[in-house]
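Work through the exercises below with the sequence and the three-dimensional view at hand. Each task is followed by a solution that goes step by step.

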Amino acid sequence: KCCPRDFFLFMTKLPGVQAAGPGGGNEAWNAMAKTTHYAAASQGDPPAKAVSNGTSASSHRPPEDSMQLKKEISLLNGVCLIVGNMIGSGIFVSPKGVLMYSDSYGLSLVIWAVGGLFSVFGALCYAELGTTIKKSGASYAYILEAFGELPAFIRLWTSLLIIEPTSQAVIAITFANYLVQPIFPSCEAPYLAGRLLAAVCICLLTFVNCAYVKWGTRVQDLSTYAKVLALIAVIIAGIVCIGQGRSENFTDSFEGSSWQVGNIALALYSALFSYSGWDTLNFVTEEIKNPERNLPLSIGISMPIVTVIYIMTNVAYYSVLSKTDILASDAVAVSFADQVFGVMNWTIPLAVALSCFGGLNASILAASRLFFVGSREGHLPDAICMIHVKRFTPVPALLFNGAMALVYLCVQDIFKLINYYSFSYWFFVGLSIAGQLYLRWKEPSKERPLKLSIVFPVVFCLCTIFLVAVPLYTDPVNSAIGIAIAASGLPFYFLVVRVPETKRPGCLRRAVASVTRLIQILSLSVLTEMDPDTEAKSQ
């Protein structure tokens with residue numbers, strides 16, 4: 001009896017295995033790896049028995065060296081992940097969308113507050129789901145648990161094709177643009193310079209997260225501190241300006257407000273886009289220390305912090321800049337700094353770059369776990385759900401995610417791709433909350449460490465219907481393209497995922513087996529085990 005790490009090293013040294021061609025030994029290897037998990041018993045215990053469901057006959061607690069992602073994310077790391085991913089470049093660059101549609105300072109601040117409250121409702125619902133279904137993957141895992149494989153696979157498919165690689169490429173490009181801006185102050189930076197720097201950023205953060213989970217969380221913590229300090233500096237400067245009497249913009253602050261339902265909807269949509277990212281920690285549930293406590297606590301700490309920072313930052317902007325200045329600016333925080341910070345105005349472009357850097361790190365961390373869980377459920381190739389035998393990081397999933405982001409960097413008009421997933425994003429978020437209601441009805445006796453009032457998921461689902469309808473009405477062409485991208489996963493699901501492995505073409509099976517073994521050897525990775533306690537509680 002041995003752990004998968006020792007078993008992997010032993011098998012790779014066998015001449016017969018090394019010399020085995022595609023198929024044959026490889027298929028036996030894959031079959032054995034899929035059906036049996038090995039656990040090492042401690043010295044004082046009787047030998048552990050290998051069983052098909054990954055549990056040990058000697059104990060239900062996983063051994064210290066079991067091959068699974070380690071619980072290394074603390075409460076502070078969780079708060080920094082959520083805050084760092086929510087506070088991206090948007091609040092620095094383009095908070096003008098809310099003001100443009102609301103047409104007044106007063107109404108825009110109300111909409112920022114409503115957007116924060118709505119996000120709190122969604123985050124609290126995800127706190128219940130995350131403590132009930134203790135699997136990483138966020139909405140993918142929750143939809144899979146509630147409604148089965150097909151809708152969960154379509155959620156994974158849209159993330160794979162559009163949501164994750166597009167958003168990461170856009171964040172990396174924004175980071176590169178602000179980093180090279182001081183080098184080209186009077187002209188536009190070269191196209192290739194920005195793309196190459198964006199590629200370097202993606203590769204660097206992928207390497208950091210491959211090396212150690214702690215490295216990734218430290219990068220996240222530091223970048224979150226930097227961006228929050230920059231916004232606090234903006235808020236303090238705004239308060240000082242108001243104290244000096246620059247409050248004329250708040251006189252009759254609701255004058256000229258646009259009360260049309262369509263404009264209010266678009267203003268709210270712009271605010272909610274800036275609040276997105278509150279589900280980040282649910283992508284890494286299996287790696288959180290004491291998730292029953294730290295997951296809801298991280299959400300409860302993060303959401304008020306972000307909401308207050310967003311509202312106060314906009315108050316600071318409005319105290320200095322006129323409505324015309326804000327709507328004409330490509331980067332509102334930079335325009336604010338030019339008028340207030342003087343010779344220190346260079347700090348804001350640097351803060352935007354650091355904000356993008358931290359947001360990209362959080363996105364890479366979350367997306368890699370989504371693909372990891374999708375592979376573990378059989379919706380992606382098996383190689384993606386392997387972890388490094390010593391570092392316990394999902395190296396193949398991280399490399400796969402990084403490769404997808406690099407591919408999308410080659411798309412010149414990548415910012416247009418962002419428009420395609422608004423419908424899909426809110427649809428699947430709403431579907432996961434609907435799954436929460438369904439599971440309340442289907443499994444009323446299921447253990448729920450955190451159980452909210454039924455009002456929270458009901459209100460959120462009703463609001464999500466509104467958010468799904470808005471892009472269909474305001475941008476039907478892009479929404480239709482987004483729906484078509486999601487529907488394109490149906491043939492792949494029925495022709496590949498649902499087909500038993502024994503009925504797939506032999507040449508395809510041999511090719512997949514060869515690639516899987518190659519990835520396994522190059523990345524020094526093995527198939528992961530499920531935590532028996534987590535698996536039992538999820539069931």
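Predicted model: local features only at pLDDT ≥ 70, side-chain atom pairs only at ≥ 80, totals over all residues.

**Exercise 1.** Which helix gives the most to the nonpolar patch?

Residues are numbered from 1 along each chain as its sequence is written, and side-chain values use heavy atoms, with hydrogens and water left out.

Step one is to list the members: Leu 76, Leu 222, Tyr 225, Leu 229, Ile 232, Ile 236 and Val 240 make up a nonpolar patch on the surface, and together they have about 670 Å² of accessible area. A patch is made of residues with over 30% relative accessible area and no salt bridge, where nonpolar side chains (Val, Leu, Ile, Met, Phe, Trp, Tyr) are joined within 5 Å and like charges within 9 Å. A salt bridge is a side-chain nitrogen of Lys or Arg within 4 Å of a carboxyl oxygen of Asp or Glu, and accessible areas come from the Shrake-Rupley method with a 1.4 Å probe, with only the protein chains shown counting as cover for residues.

Step two is to find the helix: H11 (residues 213-243) gives the most, with 6 residues. Helices are DSSP runs (H or I, at least four residues), numbered from the N terminus.

Step three takes one member, Tyr 225, which lies in helix H11 and is partly exposed, with a relative accessible area of 38%. Here buried means under 20% relative accessible area, exposed over 50%, and partly exposed in between (1.4 Å probe, protein chains only).

**Exercise 2.** Find how many disulfides the structure holds, and describe the surroundings of Cys 201.

A disulfide is a pair of cysteine sulfur atoms within 2.5 Å, and by this rule the count comes to 0. Cys 201 is in no disulfide, and the nearest cysteine sulfur, which belongs to Cys 356, is 8.7 Å away. Cys 201 is buried, at 3% relative accessible area, and Cys 385 also counts as buried, at 6%.

**Exercise 3.** Describe how Phe 371 and Phe 400 are arranged, and state which helices they belong to.

Begin with the rule: rings of Phe, Tyr and Trp (its six-membered ring) pair if their centres lie within 6.5 Å, and planes under 30 degrees apart count as stacked, over 60 as edge-to-face and the rest as tilted. The structure holds 25 aromatic pairs. Phe 371 lies in helix H16 (residues 347-376) and Phe 400 in helix H17 (residues 395-409), so the pair ties together parts that are 29 residues apart in sequence. Phe 371 is buried, with a relative accessible area of 1%, whereas Phe 400 is partly exposed, with 25%.

**Exercise 4.** Locate Ala 138 and Asn 290, and describe the phi value of each.

Ala 138 is found in the loop between helix H7 (105-132) and helix H8 (139-147), and its phi is near 55°, a positive value in a residue other than glycine. Ala 138 counts as buried, at 0% relative accessibility. Asn 290 has its place in the loop between H12 and helix H13 (291-320), with phi near 50°, again a positive value in a residue other than glycine. Asn 290 counts as partly exposed, at 42% relative accessibility.

Note on methods:
Helix = DSSP H or I, 4+ residues; strand = E, 2+ residues; numbered from the N terminus.
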